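Dear colleague,

Please find below the structure for your review. A summary of the findings follows it.

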Amino acid sequence: MSTDTFPRLEVRGLATSFATDGGRIQSVADVSFAIRAGETLALVGESGSGKSVTSLSLMGLHAKTSQAQVGGEAWFVRRDGVRVNLLALPEAQRRALRGNEIAMIFQEPMTSLNPVLTVGEQIAESVRLHQGLDRTAAKAHAQRMLELVEIPAARQRVDEYPHQLSGGMRQRVMIALAMACQPTLLIADEPTTALDVTIQAQILALMGRLQKETGMSLLFVTHNLGVVAQYADSVAVMYAGRIVESAPVHGLFAAPSHPYTRGLLACLPGVARQRSRQQGESGTQGGRRPLLAAIPGQVASPLAPPPGCAFAPRCALRTDDCDAAMPPLSGEGARRVRCLHAEEAVAA
Amino acid sequence: MKPWQAVLLRLFSRKVVLASAVLLTLVVAIATVFPWVSDADPGAISISERLQAPSATHWAGTDELGRDVMLRIVHGARYSLLIGGLTAAGAVLLGTLMGMLAGFFRRLDAPLMRLVDAMMSFPDILLGIALVSILGASLWNVMLALVIVYTPRVARVVRASTLVLRELLFVDAARALGVRTHLILWRHVLPNLVSPVLVQLTFIFAYAILAEAGLSFLGVGVPPDIPTWGTMIAGSLESSDKAFWTILYPGLAIVFTALSLQMLGDGVRDLLDPKLKKAS
């Protein structure tokens with residue numbers, strides 16, 4: 001069987017827990033997804049839903065002090081075609097993959113760059129490390145990378161320090177840094193959250209272009225549903241450390257089946273406007289500002305999770321069954337949902 | 001304008017820093033060059049000329065053994081600067097290593113820092129006296145004792161900075177690039193410590209000159225036959241009421257050198273601080 005049939009990254013039952021003063025906390029559990037070559041999977045959820053923990057678990061970058069325990073499997077197809085389980089790989093082999101075949105972009109471009117090294121040196125470090133280029137060749141490569149991410153006057157910029165660059169520029173440098181060794185999987189952890197809206201669009205367009213050119217897979221961690229709709233191929237929605245719904249992007253936006261996903265979509269201003277317009281046509285309240293929908297309640301504390309479905313305390317469709325046990329992620333093919341009342345939700 | 005010219009221009013934009021640098025350069029230049037030019041012996045005793053006031057032949061007068069005070073100050077500069085410089089370098093090297101390890105590796109933090117705490121619980125000069133009396137009074141042992149006295153200070157400062165640096169995203173980013181831990185320390189943490197360490201270096205340089213003078217004054221420092229500014233002051237103690245110059249001029253040499261070092265350290269700190277850089 002050829003490795004082409006395997007997705008580039010297949011995560012099965014990923015579970016991460018941390019030691020805290022209040023005992024061990026299950027931060028992420030039962031996370032499974034797959035990304036094919038050249039595809040983009042968006043991992044969506046609110047703050048604290050476990051998106052970043054998932055991506056850090058895949059990279060093996062949890063701080064030692066948090067005493068993270070990572071379970072499950074993450075099968076990654078290497079460049080040489082061998083399929084390896086990232087989570088069971090010895091540290092030395094894992095380090096050889098990091099920055100080389102799997103790269104990561106962080107949320108904060110302001111602090112992700114070392115302030116005392118020039119951007120050229122930082123990009124060069126990666127290729128010198130993984131491809132063994134010498135100093136001059138690495139610097140030339142760094143300049144090419146800066147040109148690739150559309151930084152004007154790359155020849156001068158390569159010798160500049162991070163504080164001489166704007167936020168958008170720095171995020172471009174971070175992308176250049178991540179792309180330096182032509183990774184086949186890029187994990188982008190909210191790469192545009194800290195940027196202006198106009199710059200966000202440019203950065204996203206740039207990432208889209210690079211992905212098309214290199215055929216890399218992209219795990220896109222975000223809470224911005226607008227971005228997801230435009231750039232992702234498929235979506236996994238996370239809530240309280242678990243995936244509650246995963247679907248191809250069109251399917252999810254056209255017919256969300258988990259109550260939480262529906263709630264999230266209802267929070268979007270565009271959706272709210274649409275709803276108010278429909279109500280306006282029915283003659284009740286014309287010309288009023290559309291009210292944004294909100295999901296009542298708060299995310300359950302991971303220290304005291306609800307007995308069954310984590311979303312049950314906030315859910316309108318809740319029944320006694322919901323509290324009995326955590327519903328399984330059920331469904332066929334790419335479309336899966338973790339809800340006992342998924343059909344009713346669609347109908348409602 | 002080349003980058004280094006711009007850096008120097010900014011460093012010397014403050015007159016005090018410029019004056020300090022000029023003075024220090026002068027002291028270092030005289031201390032290094034003079035013994036090459038003149039073979040006058042700073043230890044030459046001339047009883048007939050004892051305790052003479054400053055004059056054309058003896059610019060700073062003579063001490064109770066008739067030795068030329070100016071000559072001894074110039075020669076003493078070599079030893080005082082040597083002790084100060086080597087002590088500062090030694091303390092900074094050891095302290096940076098200790099502080100970086102303690103700050104970066106949580107497991108090493110407690111043992112290393114308790115050691116530092118224990119050493120810092122002694123007053124500087126007392127610990128110095130104790131160490132010198134254990135090791136025996138010699139030029140090298142005084143330096144060794146002072147290195148041990150000042151290492152904890154550097155370790156503290158470096159640990160504090162490392163704790164901050166360790167949590168910064170670029171350390172994670174480096175790890176995400178597959179950089180090994182020792183390379184992260186060397187390439188990403190250490191360069192960011194240059195500014196606090198450099199400031200410590202100049203301050204400890206100044207402190208060490210003062211501490212050597214203090215130890216020598218108390219008679220537990222450098223042996224009296226080696227001319228340092230400290231031994232000169234110690235030796236002139238009995239005659240200082242009759243001949244103020246024997247104690248004034250070495251004292252001034254210490255004050256100006258230590259002050260200049262502090263000022264220069266301040267200037268360097270301002271220069272390296274990225275926050276102040278943005279403001280200007």
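**Sheet and interface**

In this predicted model, chain A contains an open sheet of four strands in the order 2-1-4-5, and the pairing is antiparallel. Its edges are formed by strand 2 (23-35) and strand 5 (83-85) of chain A, each of which pairs on one side only. On average, neighbouring strands of the sheet are turned by 15 degrees against each other, with direction ignored.

At one end of that order, strand 4 (residues 69-77) and strand 5 of chain A run antiparallel and are joined by three bridges. Within this part of the sheet, Trp75(A) has Asn85(A), in strand 5 of chain A, as its bridge partner.

I turn now to the contact between the chains. Chain A contributes 23 residues to the contact, and chain B contributes 16 residues. On the side of chain B that touches chain A, helix 7 (169-176) and helix 8 (181-217) of chain B each supply at least two residues. Helix 7 of chain B gives the most to this side, with six residues. By residue class, the side of chain B that touches chain A comprises nine nonpolar, three polar and four charged residues.

Yours sincerely

Technical notes:
Residues are numbered from 1 along each chain as its sequence is written. Chains are lettered from A and ligands numbered from 1 in the order in which they are written. This is a predicted model: local features need pLDDT of at least 70, side-chain atom pairs count only at pLDDT 80 or more; totals for chains, interfaces and linings use all residues. Two residues are in contact if their C-beta atoms, placed from the backbone, lie within 7 Å. Ala, Val, Leu, Ile, Met, Phe, Trp, Tyr, Cys and Pro count as nonpolar, Asp, Glu, Lys and Arg as charged, and the others, Gly among them, as polar. Two strands pair if DSSP finds at least two bridges between them. Axes are lines fitted to C-alpha atoms, for helices over the stretch in contact, and angles run from 0 to 180 degrees between N-to-C directions.
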